[in-house]
Amino acid sequence: MHSPSAPAPNDIDLKHLFEGQHFTSTSWRTSSTDDRIMRLKKIGVWIKTHQQEIRVALKKDFGKPESETDLSEIFPVTAEINNSIKNLKKWMTPKSVSTPLPMFGTSGSIYIEPKGRSLIIAPWNYPFNLSVGPLIAALAAGCPVILKPSEMTPHTSELISKMISELFDPSEVTVVLGGIETSQALLKLPFDHIFFTGSPTVGKIVMKAAAEHLSSVTLELGGKSPAIVDEDADCKDAAEKLIWGKYVNCGQTCIAPDYLLVHKSKLENLFLEMKVTLQKMYDPDFKGIDKSPDMARIINDKHFNRLTKNIEDALSKGAQLIFGGKSDLHTRYIEPTILSNVTDEMLVMEEEIFGPILPVISYTTLGEAIAYVNSKPKPLALYFFGKNSEQTEKVLHETSSGNVVINDCVLHYLHMQLPFGGVNNSGIGKAHGYYGFLAFSNEKGVLKQRVGLNNVTLLRPPYGIKAKQIIASLIKWY
């Protein structure tokens with residue numbers, strides 16, 4: 001394994017690793033449920049016995065609080081493991097399908113087979129969760145994996161490398177550490193499936209590289225996820241949920257509310273409740289949010305500078321500072337910041353923020369808010385706060401997004417029975433639970449026909465009157 005400071009492996013090394021998984025890919029095609037469960041269980045045991053090491057690594061990488069690590073990095077992975085173990089036998093069992101009348105005499109079923117050698121490229125914002133979570137899905141499906149964690153979180157990436165080297169032979173699962181050049185070299189290889197989590201910009205590069213080999217892809221991307229606070233919303237309830245969803249991991253969350261659309265009648269009350277909530281959650285002793293043990297830090301100087309520039313840009317163009325705005329480069333601390341009177345000409349509305357800045361726009365009718373959402377690329381998530389069921393249904397039917405949460409935010413990520421993922425610009429394919437298992441699987445349709453006289457005997461050439469009559473009936477009735 002390579003340390004974070006070591007040079008990236010060359011293309012020949014990567015090709016050797018890739019070719020070394022060919023036999024595993026073939027043999028695992030017939031692996032049993034017990035075999036796969038065994039692989040999942042040993043990861044679960046390793047995580048439980050090394051939980052403190054995981055916490056320390058994430059603390060070193062960007063100051064993530066221990067409880068936040070437990071909740072957002074460890075729990076989603078252990079939940080994925082437990083859910084897969086519980087349901088894997090059912091997922092792997094061939095499923096019979098009904099027989100349409102024109103297919104009378106045949107039987108149809110769906111067999112689930114692993115796609116094969118898979119590449120997982122993980123991001124830095126939840127480096128343990130978003131590396132190991134997809135790995136669980138791949139192993140449940142029976143796929144060997146080359147895993148490329150982020151170079152921006154070296155302590156966590158090194159820990160993941162240590163875990164995998166202790167649990168698996170490189171012909172089964174291996175971790176490759178390195179930067180952009182390593183990712184580019186990996187993408188030249190003809191993987192059967194690629195699972196990428198990151199930005200839409202890089203997602204396009206991954207998809208283009210995958211097209212060279214017709215590799216299937218799961219792209220977990222991002223975008224500007226809106227939250228709509230309607231005129232009958234409970235402002236206190238909405239504020240508490242929005243503040244937590246926005247500022248967990250210091251806003252560095254792909255499904256964090258990226259901007260708020262607030263009914264003008266609720267604006268002042270919501271601002272008040274958000275200020276109260278920020279104080280209650282992150283500064284209950286009035287020592288300053290920068291002293292809070294529960295607020296993470298920005299990942300690096302580059303992102304710190306980008307985010308502070310976004311705040312300065314918005315304020316210079318007329319945005320109003322409702323809360324926050326303070327920053328400290330030395331500790332990479334940016335105070336939770338709320339901006340109102342924002343416009344599309346500001347940087348905060350041009351790109352995904354990925355930080356503790358929350359722009360707010362007011363609206364007068366729900367149709368106006370929906371039109372604004374629909375004028376942007378389809379988001380990864382959409383959040384709606386309101387009590388009116390008709391208004392809720394209007395949002396559900398008139399917008400498109402990867403997921404929707406009503407009267408909460410972010411929480412859907414932890415629901416193992418829901419498909420998680422984006423649509424178009426915010427992602428392709430779904431993950432979590434059964435949907436993650438399917439991402440790394442091929443659903444193989446199998447039809448069994450009887451020997452001898454069967455339902456298509458009369459439909460073979462030469463096409464006589466009888467055959468033509470039968471074909472005409474099929475077109476008319478079926």
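Trainee: How far is the sulfur of Cys235 from the closest cysteine sulfur?

Mentor: A disulfide is a covalent bond between the sulfur atoms of two cysteines. The rule here asks for a pair of cysteine sulfur atoms within 2.5 Å. The sulfur of Cys235 is 14 Å from the closest one, in Cys409, which is too far for a bond. Cys250 is in no disulfide either, as the nearest cysteine sulfur, that of Cys254, is 15 Å away. By this rule the count is zero disulfides. Bear in mind that this is a predicted model, in which local features need pLDDT of at least 70, side-chain atom pairs count only at pLDDT 80 or more, and totals for chains, interfaces and linings use all residues. Residues are numbered from 1 along each chain as its sequence is written, and side-chain values use heavy atoms, with hydrogens and water left out.

Trainee: Is Cys250 buried or exposed?

Mentor: Buried means under 20% relative accessible area, exposed over 50%, and partly exposed in between, with a 1.4 Å probe and protein chains only. Cys250 has 0% relative accessibility, so it counts as buried. Cys235, at 3%, counts as buried too.

Trainee: In which sense do strands E6 and E7 pair?

Mentor: Strands of a sheet pair through backbone hydrogen bonds, either parallel or antiparallel. Strands (E, at least two residues) and helices (H or I, at least four) are DSSP runs, numbered from the N terminus, and two strands pair if DSSP finds at least two bridges between them. E6 and E7 (residues 216-220) pair in the parallel sense over five bridges.

Trainee: Which residues of E6 lie on each side?

Mentor: In a regular strand the side chains alternate between the two faces of the sheet. In E6, His193, Phe195 and Thr197 are on one side and Ile194 and Phe196 on the other, all buried.

Trainee: Which strands stand at the edges of the seven-stranded open sheet?

Mentor: The order is E10-E13-E14-E9-E8-E15-E16, with mixed pairing. E10 (320-323) and E16 (403-406) stand at the edges with a single partner strand each, so one side of each is left without a neighbour in the sheet.
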